[in-house]
Amino acid sequence: ITVRFERNSTALEPDQRVLLNEVFEQLARATHDKVLITGYTDRSGDSARNLWLSEQRAKAVRGYLLSRGISAERLLVNYYGDSRSLGRDPGERRVEVEWLR
């Protein structure tokens with residue numbers, strides 16, 4: 001599952017919340033599953049700020065799932081900033097949610 005973000009933003013847009021509601025539903029049904037939430041940015045801007053942005057984006061996704069009732073120990077967070085970016089493509093401003101079983 002990929003959650004997209006606007007440039008320099010950590011805000012979850014309404015369509016992204018709909019996507020995360022689907023993640024919530026799956027996690028609510030599979031009560032032993034965990035997910036890895038990984039934040040990324042593109043290469044525009046300062047690397048230190050990009051690392052912070054990727055962390056905040058991942059934490060925004062985690063926070064949303066926490067607010068829906070998923071327990072913290074099931075939501076692992078990782079972030080890379082622009083270290084794994086290929087350039088300035090808007091698609092690189094994202095958080096990926098990966099199932100760990």
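**Basis.** I worked from a predicted model, in which local features need pLDDT of at least 70, side-chain atom pairs count only at pLDDT 80 or more, and totals for chains, interfaces and linings use all residues. Residues are numbered from 1 along each chain as its sequence is written, and side-chain values use heavy atoms, with hydrogens and water left out.

**Sheet.** I looked up the strands (DSSP runs of E, at least two residues, numbered from the N terminus) and their pairing (at least two DSSP bridges between two strands). I found 4 strands in an open sheet, ordered S1-S4-S2-S3, with mixed pairing. Strand S1 (2-4) and strand S3 (75-79) are the edge strands, each pairing on one side only. From one strand to the next, the twist averages 20°. I then followed strand S2 (residues 34-39), which pairs with S3 in the parallel sense over 5 bridges. Ile37 stands opposite Val77 in S3.

**Helices.** I next looked up the helices (DSSP runs of H or I, at least four residues) that lie across the sheet; contact means heavy atoms within 4.5 Å. Angles run from 0 to 180 degrees between N-to-C directions, with axes fitted to C-alpha atoms, for helices over the stretch in contact. Helix H1 (residues 14-29) lies across S1, S2, S3 and strand S4 (94-100), at about 155° to S1. Helix H2 (residues 47-67) also lies across S1, S2, S3 and S4, at about 165° to S3.

**Rings.** I last looked for charges over rings (NZ of Lys or CZ of Arg within 6 Å of the ring centre and within 35 degrees of the ring normal). The charged end of Arg68 sits over the ring of Phe24, 4.0 Å from its centre. The charged end of Arg84 sits over the ring of Tyr80, 3.7 Å from its centre.
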